[in-house]
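This report walks through selected parts of one structure. Please look at the sequence and the model first.

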Amino acid sequence: MISLLKNKKHFFIVKFSILLFLIFYFIFSSEVFAGLFDSTPQLVSKLNDAFDSIKKWLLTLATPAAAVSVGVGVFMKKFSFGDEERIRTAKKLIRGTLFSYAFILAIDLILSAISSLIS
């Protein structure tokens, strides 16, 4: 009985060691990431293209949306006729729009930092 438990334990340790070796081999292998040491791996170039298209799409969509939101806030403030609640709402709308647009413009910096880390 004790011999049988030792054999199971030994078999588990050998199986676990082989599995651990394979995992580390594929994680730290240079061929997996670099594709036999190419200068620009295909995965990295696809990710760079994806980041560029996302950045372009966000800026194309965000600029008119921010302009419309700021315009609505300005007109809401202008035509509030002294209503304090509308003035506060308009100020919140303008402030939120400007912060959001600044964040979207900062995404360019974030995406370029990520792409420089990848490549």
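Leu93 is partly exposed, because its relative accessibility of 29% falls between the limits of 20% for buried and 50% for exposed. The model described here is a predicted one. Leu93 sits in helix H4, which spans residues 84-118.

Setting aside residues up to four places away in sequence, Leu93 touches Ser69, Val72 and Gly73. Val74 stands 19 residues from Leu93 along the chain, and the C-alpha atoms of the two are separated by 9.1 Å.

Helix H3 covers residues 42-78, and the loop between helix H3 and helix H4 contains Ser80. Is Ser80 buried or exposed? Ser80 has a relative accessible area of 8%, and it counts as buried because this value is under 20%.

Which residues does Ser80 contact, leaving aside its neighbours within four places in sequence? The contacts of Ser80 are Arg86 and Ile87.

## Aromatic pairs

The structure holds three aromatic pairs. One of them joins Phe12 and Phe16, with 6.1 Å from centre to centre and 20° between the planes. This pair is classed as stacked, because planes under 30 degrees apart count as stacked. Phe12 and Phe16 are about one helical turn apart, because four residues separate them in helix H1.

Phe79 and Phe81 make up another aromatic pair, this one tilted. Their ring centres are 6.4 Å apart, and the angle between the planes is 50°. Phe79, at 45% relative accessibility, is partly exposed. Phe81 has a relative accessible area of 74% and is therefore exposed, the limit for that class being over 50%. Together with Phe75, the residues Phe79 and Phe81 form one aromatic cluster.

## A nonpolar patch

Which residues make the nonpolar surface patch of about 500 Å²? The patch is made by Phe12, Ile13, Phe16, Leu20 and Phe24.

Phe24 belongs to helix H1, which runs over residues 2-28. With a relative accessibility of 43%, Phe24 counts as partly exposed. Phe16 is also partly exposed, at 47% relative accessible area. Patch residues need over 30% relative accessible area, a limit that Phe24 passes at 43% and Phe16 at 47%.

Notes:
Residues numbered from 1 in each chain as written. Predicted model: local features only at pLDDT ≥ 70, side-chain atom pairs only at ≥ 80, totals over all residues. Heavy atoms only, no water. Patch = residues over 30% accessible without salt bridge, like charges linked within 9 Å, V, L, I, M, F, W, Y side chains within 5 Å. Areas by Shrake-Rupley, 256 points an atom, 1.4 Å probe, with all protein chains shown as cover. Salt bridge = Lys/Arg side-chain N within 4 Å of Asp/Glu carboxyl O. Helix = DSSP H or I, 4+ residues; strand = E, 2+ residues; numbered from the N terminus. Buried < 20%, exposed > 50% of the residue type's maximum accessible area, 1.4 Å probe, protein only. Contact = heavy atoms within 4.5 Å. Phe/Tyr/Trp six-rings, centres within 6.5 Å; stacked < 30°, edge-to-face > 60°.
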